[in-house]
Amino acid sequence: MLHDVRVLELSLFSPDALGGHLADLGAEVIKVEQPGGGGFRGDLFPPDNVQNLQWNRGKKSVTLNLKSEKGVGIFRRLAAEATVVIDGLRAGAAERLGLGYDDVVAINPTIVYCSLNGMGSYGPYAKLPTHGLSFDCFAGLNPPVIQADGTPRLSAGATGTTGVLAGPLYAAMAVLAALHSAHRDAKPQYVEVSQVDAAIAWNFQKLTALANGLFGYSDGMQASLRYQYYRTSDGHYVVFNALEDKFWRRFCDAVDRADLYESGQAPLGADPQADEHLRGELTTIFKSRTRREWTEFFIATDIAGAPAFESTDLLDDEHVKARGMVYEPPDHGRPPLRLIGIPVKTRPDRPFAADLPPAVGAHTDEVLRTLAGCDESELAQLRRDGVI
């Protein structure tokens, strides 16, 4: 869908995902990297790390030493031919290189320029060094678990990935809106997303409810009966979603247990003994069928619920396969990989099939010849000077 959009990406680590989303939608994404690579494509990580495989697939790679005047000059020549420039570095880094928004607009007056970083370009914490975990802890998504000795610990489920994943999604949305505006008005567009802002926005339900004393946030889900995990006869799980009365009544009738209906209507916690009895009954009922059988039951009876997965058996599920959420990129003479596809669909007859991430610098000569106008003698000189 974005086959006519050329993106010049300057990013490290999780901001790679912004260019990744645009590449998944068909844009030509040219990743500018330091010689030898960096971030998830440097010496700290193996090439097959999952972030690189997911976020850098389908891109082109050009190496440029942007600490050199010649390298910056080449970048500017490429920016003049781009539709979008992504600044995925720490706030202020691109400006110090002479590649900030104003610098790029001077050579490309209709550019869409997107800045994506941890804390944003302004505010008291703009220069605060951060990692992904910082965004989620800042936003209240990973509250501390206090141990018996009074010391705070990260919860077992704290991964620090919400801001990391949400930020590039918001940024991709912003870029698409900015492309529309740039095309309509023939003017440059600047958009900015900080990953900590994205984490805060992701936590709107809890924060808005607590700030205003509103209904909408509760820690009581773990005790729920009709909105809960249940184990099936084959040792797997389903998640039961009979929150609405129509689903609960329908379920009780369908399993021939109308006697459970009234107790399931009572407020949770009003009668702890009755709650435990109902939990036990539901546990026994759900252990009477396999996960697949319960899924077919939910479909046949129009009751809210779903199969739940814990591992890679999800990738073998028939619905996941039908939706094209797993694909194998071209092998290029290496063992096959099963990767996660894009959730945006066009038509079933146009399956997603992004190529593997390129080797660092794989497209340097091609891109510099076609877009920067470099001939063989200039390419040779750039190599001698350590620019590419």
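## About the model

Here we are looking at a predicted model, in which local features need pLDDT of at least 70, side-chain atom pairs count only at pLDDT 80 or more, and totals for chains, interfaces and linings use all residues. Residues are numbered from 1 along each chain as its sequence is written, and side-chain values use heavy atoms, with hydrogens and water left out.

## Overall build

Let's start with the whole chain. The protein has 16 helices and 13 strands; these are DSSP runs, with helices being H or I of at least four residues and strands E of at least two, numbered from the N terminus. Along the principal axes, the C-alpha trace spans about 85 × 50 × 50 Å. Of the contacts in the protein with a separation of 6 or more, 66% are between residues 24 or more positions apart, where contact means heavy atoms within 4.5 Å.

The domain assignment gives domain 1 (6-204 + 358-385) and domain 2 (237-309), with bounds that come from an automatic or database assignment. Taken over C-alpha atoms, the centres of domain 1 and domain 2 are 46 Å apart.

## Surface and burial

Of the 388 residues of the protein, 41% count as buried. Buried means under 20% relative accessible area, exposed over 50%, and partly exposed in between (1.4 Å probe, protein chains only). The protein exposes about 21000 Å², and carbon and sulfur atoms supply 55% of that area; accessible areas come from the Shrake-Rupley method with a 1.4 Å probe, and for residues only the protein chains shown count as cover.

## A buried aspartate

D87 is buried yet has no salt bridge, and R96, the nearest side chain of opposite charge, is 9.3 Å away. A salt bridge here is a side-chain nitrogen of Lys or Arg within 4 Å of a carboxyl oxygen of Asp or Glu. Leaving out residues up to four places away in sequence, D87 touches L10, A94, E95, Y113, C114, S115 and L116.

## Two residues with positive phi

A186 has a phi near 55°, a positive value in a residue other than glycine. A186 sits in the loop between α7 (162-185) and β8 (189-194), and counts as exposed at 55% relative accessibility.

D302 is also a residue other than glycine with a positive phi, near 60°. The loop between α13 (291-301) and β11 (305-308) holds D302, which is exposed with a relative accessible area of 52%.

Notes. Lys and Arg count as positive and Asp and Glu as negative; His and the chain ends are not counted.
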